[in-house]
Amino acid sequence: PVIGCTCKVCQSANPKDNRLRTSALISWDSYKFAIDCGPDFRMQMLRQKIKSIDGVLFTHEHADHTAGLDDIRPIYFRNNKPLPIYGLKRVMDELAIRFDYIFTKEHRYPGAPEVEINILEANLPFELGDKKVMPLGIMHGNLPILGYKIDRFAYLTDTKTIPDKTMEQLYDLDVLVINALHHKKHKMHMNLEESLDLIEKLAPKKAILTHMSHHFGLHDEMQQKMPKNVILGYDGMEIEV
C-alpha cells in the first residue's frame, strides 16, 4: 500500500494485499539468514516471532532493502557478537556511509550494533553455515545487483535483465522467487508479462512473484489469472524446498 492512496489494493481488507517491503528469511537446521533488511524489518521480525538471525544477505543498497539495518540492535546485544552481513563491496561502502556509527571502529556509540562485513562477487560461490550459496549477478536497470541461489531455490528481486552466465544457474529449480512490479514497462523492474515469460523459459516447479506494487491488482483476483505453477507472494508466506 502507498501512503494516501485510495485505490482498491490500498484500501483492501485482505491481509495478502497489505504487503510490507520485500524481504525473505531462509532457514535450515539451526541457521536463519535474512535476505535484505528494509525499513519494515522490525515489524516483519515481530510479526513472524523471529527472535534472532545469523546474518543478512543484501541484494543491493536501495533504501527499501537496507534501511532497517539499525534494527539488528537487539539481535547484536542478545548474541553479544557482530552480526555477519554479506553483499557487494559497493553496497557495503554505501551502508558504511549511511550507518557510519555501526561500521566505525573508533569512538563508537555504546548503543550501536556491530557487523561483520563479508564481501561477495557475482557468480562466485561462498559458504553459509553448511551450505554453498551462489550470489547471482543480475541487473536492476543499469545497476548490477545480486540474487541468491541455495540448492534448488533461487531468490531474485528488483530484476530487469539477467546475464547469460546467471541464466545458466536458474534452470531445474524447485522454487524461483522473482519480482513482478506491475503491468506496464519499467526501466528498473520486470513487469508481470516479463516475469511470466521468464518463468515459462526457466520452467521451475514453482514460481513465487514478489516486489509487487499496488498497481499489480488485488491478490485474490490476480492469483486466479496465474499459471498453475505461479503463486503470488504475501507477507508471512512459508515454503519448504
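1. Contact here means heavy atoms within 4.5 Å. The structure is a predicted model. By that definition, and leaving aside neighbours within four places in sequence, F103 is in contact with L69, I85, M92, L95, A96, V115 and I117.

2. F103 belongs to the largest nonpolar core, which has 40 residues. Along with I53, V56, F58, F126, L128 and Y148, F103 touches the most other members of that core. There is also a second, separate core of 27 residues, with L143, L192, M212 and F216 among them. In soluble globular proteins, nonpolar side chains tend to be buried together.

3. Helix α4 spans residues 89-98, and its buried residues are V91, M92 and L95. Viewed down the axis of α4, these fall within an arc of 95 degrees, so they line one face of the helix. The exposed residues K89 and I97 sit on the face turned away from the buried side. The cover over the buried residues of α4 includes α2 (63-66), β4 (83-87), α5 (100-103) and β5 (115-119).

4. Is K160 buried or exposed? K160 lies in the loop between β9 (153-155) and α6 (164-167). Its relative accessibility is 18%, and buried means under 20%, so K160 counts as buried.

5. The surroundings of K160 can be listed as well. A polar atom of the K160 side chain lies 2.8 Å from the backbone oxygen of H186. Apart from neighbours within four places in sequence, K160 is in contact with M139, H140, G141, H186, K187, M188, H189, M190 and E194.

Definitions and conventions:
Residues are numbered from 1 along each chain as its sequence is written. This is a predicted model: local features need pLDDT of at least 70, side-chain atom pairs count only at pLDDT 80 or more; totals for chains, interfaces and linings use all residues. Side-chain values use heavy atoms; hydrogens and water are left out. Helices (H or I, at least four residues) and strands (E, at least two) are DSSP runs, numbered from the N terminus. Buried means under 20% relative accessible area, exposed over 50%, partly exposed in between (1.4 Å probe, protein chains only). A polar contact is a pair of N or O atoms within 3.5 Å; within protein, one must be able to donate a hydrogen and the other to accept it, and residues adjacent in sequence count only if both atoms are side-chain atoms. The arc is that of the directions from the helix axis to the C-beta atoms. A nonpolar core is a set of buried Ala, Val, Leu, Ile, Met, Phe, Trp, Tyr and Cys residues joined through side-chain atoms within 4.5 Å.
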